[in-house]
Protein chains: 2
Amino acid sequence: MSNERLIYLALGGAGEIGMNCYVYGYGRPGKERLIVVDLGVAFPDMETSPGVDLILPDISWLVERRDRIEAVFITHAHEDHIGAVAHTYDQLRAPIYARPFTANIAQRKMEEQGHPEDAVQVVSPWPQQLTAGPFSVGFLPISHSIPESSAMVIDSPDGRVIHSGDFKLDETPLVGEPFDAELWAEVSKPGVKALICDSTNVFSQHAGRSEASVGPEITKLVEQAKGMVVATTFASNVARVKTLAEAGERAGRSIVLMGRAMKRMVEAAVESGVLSDFPRIVQPEDAKDIPRENLMLLVTGSQGERRAASAQLSRGKYQGVEMKEGDLFLFSSKTIPGNEKGVIRIINAFSEQGVDVVDDSTGLYHVSGHANRPDLERLTGIVKPQVVIPMHGEHRHLREHVKLAERNGMTGVLAVNGMMVDLSGNQPTIAEYIETGRTYLDGTVQIGALDGVVRDRIRMALNGHVVVTVILDDEDEPLGEPWCELMGLPETGSSRASLADVLEADLGQWLARAGAKTLRDDDKLHEGLKRTVRQTALDEIGRKPEVTVVVSRLS
Amino acid sequence: MSNERLIYLALGGAGEIGMNCYVYGYGRPGKERLIVVDLGVAFPDMETSPGVDLILPDISWLVERRDRIEAVFITHAHEDHIGAVAHTYDQLRAPIYARPFTANIAQRKMEEQGHPEDAVQVVSPWPQQLTAGPFSVGFLPISHSIPESSAMVIDSPDGRVIHSGDFKLDETPLVGEPFDAELWAEVSKPGVKALICDSTNVFSQHAGRSEASVGPEITKLVEQAKGMVVATTFASNVARVKTLAEAGERAGRSIVLMGRAMKRMVEAAVESGVLSDFPRIVQPEDAKDIPRENLMLLVTGSQGERRAASAQLSRGKYQGVEMKEGDLFLFSSKTIPGNEKGVIRIINAFSEQGVDVVDDSTGLYHVSGHANRPDLERLTGIVKPQVVIPMHGEHRHLREHVKLAERNGMTGVLAVNGMMVDLSGNQPTIAEYIETGRTYLDGTVQIGALDGVVRDRIRMALNGHVVVTVILDDEDEPLGEPWCELMGLPETGSSRASLADVLEADLGQWLARAGAKTLRDDDKLHEGLKRTVRQTALDEIGRKPEVTVVVSRLS
């Protein structure tokens, strides 16, 4: 038996949907040469990560082993797979490989962060294979809701592993390569040790529908529309953007792209050659000269993002364009769980403007980019892996996917972030548990999710903040009265007097009674003042605020 | 033509789902005698109202006209209809009328807030009518997802108006009165001027299903379960709680109720006589002596609430009970938009415990309590009102409901919160626009939603908080260095030094350069120090924090 082993480790994406980051290694334990598949982000929310700009996987484990990393491979250009590439480049400094469209997006990100664009290298799809240490890696085309999505065919001395990336089985995806069952069968022929597989839609019981199925419905809808038509979808769904634009063109409408991401994605798709014959585009500033019934806007903001084009249009004029009664707004998208309130806010704002909103509830104007349960079964039927390791899913998805694999006679391994799987033997085993987590990009700084910074923000948001200032003279006697500044707290409480006044009076009393020993001891002083504020506030307003005490000693 | 008029005014619930509060008036303009239908709450969220306990309608308009209020009528005991009764009692002091179950819940709320329980008076359903000034008001039974839900039949010298309350058309609701089409036809016979109507499910295209339809499916599920079964639903859905309990009993399981609301609702239902022959209940402390395959827990927390029983069970032991691999958890409920993340968090936690979770995605284990589109049409077909005024809906629901009414030959009026409708003439008109809004119950204090308190909390959560302390001596010269306290901010920024140190250095420099005029002027000092912090922070960490400046003058 060999001393070397083949390992799989998720640092993000297994046990959550978002911030995908997977590592494969081959070599002696602790000496494996490593490759990284995807470096994605997740998005913050007010409940768990207020003020945070982006959530990155904690890559400390990789950074400590930087000299062992051969390469980073990016399966496709969705933010949850590519978003951390530029933010982690300084720490990893490994070459990044991607196909043209994905590389185009990655290079834009590198440029934005002031990194060399040529750190991203453009590769061709299978049968090309790249050598990365002990690995030979190929990009095997697979259909998804973005062009050029690819599975990774990872060959090691221990055999072939396929990392599916995000996928659906679409034989008519309109833009990008159709799913090619024959090619997949051929690649799988030598035997596949493990399929590391997208699990997002494992609970969806019916086979997925093709991107091509929405075109006729969208065309019908746009043809029947009387006023201006505005449609939103994920900008990266280039096929959908094209379908929408063509539906507009067919109905004699001029196409306007609005929102930075929308323009950037179409640009990247044209530059990289995945998109040709896109309808002619009119600039927003020229739209006002065109009758509204001859206009179709394609806008960002399908998830209700406050600053995106759709939200801005729902609040009034955006880039000189305004929605009016009788216009139509189409969500050619689904709402990701957690974004419902933002989307509903926009729908209601449009309703107030008299705009008719059509969403995905009929199922006619959107299809998912992920493989449903029968599609997962079809793919494993073609690949015939010995082992299925579900990824790209919350725990419930991974667990269900393991059950599905086992029901179909394969070995399923439930490995969440941090569980290193040894794939060398006949049966996969959990070799190690690695500490994983989240890193917050906060403004321009990266902070650990558990550093306490965000916890303090949440506390201030829930409880308000009281700042107490006390000055002590050179004999440790209070100089004047303690002073309170309140933020995020009601002005008055049960006694109907100013809360600040009541707090200051109680603090003054406490200070007056405090002995010399307490006054000399910063800790005791802080603790006593803090306790007084919290007790008084509880009596007055029924809650205990966060308290910061500033003691200034003139000694 | 009469000098008197009949008015309708929503103070909450029209243009939103939640905090229902409707006013009807009759009399000379500005002198109308008033009745209030429902006093409900809405629930806060981290995004818009962090730290807030409950959201109440702003009832200032009513409080200013307190002497003209004849009575408050509560249609049913859901929080969005009854939740503000006790919190507004001090300000309104009007008698409150409700049917026995609803009154029982209202009385508990009054007691909790230290108000007299007998302010809530128990009434009988139609044909009893209560006189309230110029009005004669009856409680007309209608089915909903809570017992004793009632429409209000409001007779005035200007004719009969029906306020639907929340409803569905269920002829087999299991607990509470079935929908009685004949009774409704009879009540409507004299002619109905206006139907003020629930709009929640106007977008649901198929006729609603009966509460009775879920029993057989739940029974089948529970019978097949191997381990312990835990089910959650809205505690107020007494029929569902009973169905669940009976399914458990039939499968030879002992029933345990967990969570305060669950026990309170069953208690209220028994006390008020709407619930009889409920299966025998076992106390949580006795559950540990019963084999888990013979247990069924009915628990609170169908919406993922962090402190409810379901969330606690997902995190570990609760009241001595723990979930284990092979147990079943059933959501006999739908997730209200906005609560998805909390519910998903629980499902994943159960998945980690090896618990199988069944939710409503199949449609088998839950039915809605609201009338769908065909049901709305059926009811207007029976009532034949001249006018339909949609309520209990967001703007999109109201707008769609108006369209539906007009398509069916009635006059539809889109009246959101604050639009007073004059129903006297042949055609309803908008008589006035009243300022409406939200009041936050924050701890024990009521604050206006626009008072700035919550805005400050959100700002601290998004931006962090810096407190700057400066002491000036009696000649307005800085005494020592300025001092910074940081909360919710990274410790270090781009210069890799402590952020507090960098801020203090820059503040010290600014102070040293500040002229005597600035040092004497509190406003200038505040502004300069604040600007310095924000600029330095922007350079260091890429964001501008909230800043509080405390200047202490020893003069």
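Helices (H or I, at least four residues) and strands (E, at least two) are DSSP runs, numbered from the N terminus. By that count, chain A has 17 helices and 29 strands. This is a predicted model, in which local features need pLDDT of at least 70, side-chain atom pairs count only at pLDDT 80 or more, and totals for chains, interfaces and linings use all residues. Residues are numbered from 1 along each chain as its sequence is written.

**Chain A overall**

The C-alpha atoms of chain A fill a box of roughly 85 × 75 × 45 Å along the principal axes. Of its 555 residues, 60% count as buried (under 20% relative accessible area, with a 1.4 Å probe and protein chains only). Contact means heavy atoms within 4.5 Å. Among contacts in chain A between residues at least 6 apart in sequence, 70% join residues at least 24 apart.

**Helix 4 and helix 8**

In chain A, the axes of helix 4 (residues 100-112) and helix 8 (residues 260-271) come within 8 Å and cross at roughly 125 degrees. Helix 4 of chain A is therefore oblique to helix 8 of chain A; angles under 35 degrees count as roughly parallel, over 145 as roughly antiparallel, 65 to 115 as roughly perpendicular and the rest as oblique. The axes are lines fitted to C-alpha atoms over the stretch in contact, with angles from 0 to 180 degrees between N-to-C directions. The residues that meet are listed below.

| Element of chain A | Residues in the contact |
|---|---|
| Helix 4 | A:Phe101, A:Asn104, A:Ile105, A:Arg108, A:Glu112 |
| Helix 8 | A:Arg260, A:Arg264, A:Met265, A:Glu267, A:Ala268, A:Ala269, A:Glu271 |

The residues of this contact between helix 4 and helix 8 of chain A divide into five nonpolar, one polar and six charged.

**Helix 12**

Helix 12 (residues 373-383) of chain A has buried residues at A:Arg373, A:Asp375, A:Leu376, A:Leu379, A:Thr380, A:Ile382 and A:Val383. They pack against strand 12 (159-163), helix 5 (181-188), strand 13 (192-198), strand 20 (387-391) and helix 13 (395-407) of chain A. After helix 12 of chain A comes A:Lys384, with a positive phi near 50 degrees.

**The two copies**

The same surface serves both copies, as 100% of the contact residues of chain A recur in chain B.

Definitions and conventions: Chains lettered and ligands numbered in written order. Heavy atoms only, no water. Nonpolar A, V, L, I, M, F, W, Y, C, P; charged D, E, K, R; others polar. Buried < 20%, exposed > 50% of the residue type's maximum accessible area, 1.4 Å probe, protein only.
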